[in-house]
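Me: Hi! Could you walk me through this one? I have the structure open.

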Amino acid sequence: MLTKRKPDPQPMEPLPLFQNVAVSDRASLFLRKVHLCFSLCDFSTPETSAPQIELKRQTLLELVDFLDSSSGKLAPNLHEDFIRMVSVNLFRCLPPSSDLADLDDDEPYQEPSWPHLQIVYELLLRYIASSETDAKFAKRFIDRIFVLSLIELFDSEDPREREYLKTVLHRIYGKFMVHRPFIRKAMNNVFYRFIFETQRHCGIGELLEILGSIINGFALPMKEEHKLLLIRALIPLHKPKGFWAYHHQLAYCIIQFVDKDYHLAELVIRGLLKYWPVTNCQKEVLFLAELEEVLEATPASEFQRCMLPLFRQIGRCLTSSHFQVAQQALYLFNSEHVVNLIAQNRNVILPVIFDALEKNTQGHWNQGIHDLTTNVRRIFQEMDSELFKECQEQYLEKVTRARSLEEQRELTWKKIETVAATAGADDMVLVN
């Protein structure tokens, strides 16, 4: 649990270097240096706190060197104090997001105490990665509360901290097998809170990056818990406004699921259609790019189950007035696998999108879209000329029928206008 930290007002005294004491005394010196690092420095007034800040920084660096040295194996009695020191330094209340919302992406927030935090993260990484650290013993100190506090820190505005957190949490997941189900559950809870409550979190991309590696290690057949992760968290993550910030990592996770179990392809495609953007064209371009990757991993059996609603949506995208949306939709036909899927089901698909292709060739404002559409029409024509001709005839019939209805409507209105003009005043009904 993150708590508010207060700088320690007591002065810190420098301690001797490790190389200046006997080997037998280094463990006790290590403990004294750890206790010195429990003190928190005030970075809001660096002018007055500079000596303490530098002393603590040097002490932390000495602890790093000690862990790197051949004599850096920690005695059992040192682990608890070491992890407590790490906790005191890392786990803190983060600044309110409202104070930082107006910062440009080019100038991300930087944590003032980062000169100390970075070294503490390095210490924690070395501790976890060390072959001398026994997971069965260390799990007493790196417990669920510690892991949960780490995950809460992913909301930090400082990208440098989120990068370290990503590495640390991934190492913990790899080493402490007992914590794996809890870590997955805690990450899910962050996603749920983001999707359904706040729609604001800085570390969704980093958490998804970790999750991508975790999904890669899932065994087959896929557990129900893992499928629920896809249904309840990953697919709904396409909904929030900040989707663009983590789209790349989310798409990777989705593709990992489909690659692992192709039976999930229909579920994913229908999920994308459910959350398909209506007015956000840039988001629609990202959806189409992700859809292409999903289709590349989709077999014909799964494709047939969702091809009708899928190509109704693609047809709408083809005629989009936003040329990037139409362009991305037309790029689907550059994929050999997608074209093969379409060829096997052309009797269903071509009638669905033929109208959109004809409208583009006849009147799309962008010349590039006009050229791409011509290429797609040529693909279908070479694929099945008889079906193409049949669709063309049906399209012309629809156009003729629509024209006829329009003419009848105009004729009816003219008759009404004629009657109204020739009718006497007594026959007219006035409405106040």
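This is a predicted model: local features need pLDDT of at least 70, side-chain atom pairs count only at pLDDT 80 or more; totals for chains, interfaces and linings use all residues.

Reply: Happy to. One term to begin with: contact means heavy atoms within 4.5 Å. Leaving aside neighbours within four places in sequence, Met85 is in contact with Val34, Cys37, Phe38, Leu60, Leu63 and Leu123.

Me: And which residues have the most contacts inside the largest nonpolar core?
Reply: Met85 is one of them, along with Phe82, Ile172, Leu208, Leu211, Leu234 and Leu237, and that core has 129 residues. Such a core is a set of buried Ala, Val, Leu, Ile, Met, Phe, Trp, Tyr and Cys residues joined through side-chain atoms within 4.5 Å; buried is under 20% relative accessible area (1.4 Å probe, protein chains only).

Me: Which helix gives the most to this core?
Reply: Helix H4 (residues 114-129), with 10 residues.

Me: New topic: how do H12 and H13 cross?
Reply: The axes of H12 (residues 265-274) and H13 come within 10 Å and cross at roughly 170°. The two helices are therefore roughly antiparallel (over 145 degrees). Val268, Ile269 and Leu272 of H12 meet Phe287, Glu290, Leu291, Val294 and Leu295 of H13.

Me: What is buried in H16?
Reply: In H16 (residues 336-344), Val338, Val339, Leu341, Ile342 and Ala343 are buried. Their cover includes helices H13, H14, H17 and H18.

Methods: Residues are numbered from 1 along each chain as its sequence is written. Side-chain values use heavy atoms; hydrogens and water are left out. Buried means under 20% relative accessible area, exposed over 50%, partly exposed in between (1.4 Å probe, protein chains only). Helices (H or I, at least four residues) and strands (E, at least two) are DSSP runs, numbered from the N terminus. Axes are lines fitted to C-alpha atoms, for helices over the stretch in contact, and angles run from 0 to 180 degrees between N-to-C directions. Angles under 35 degrees count as roughly parallel, over 145 as roughly antiparallel, 65 to 115 as roughly perpendicular and the rest as oblique.
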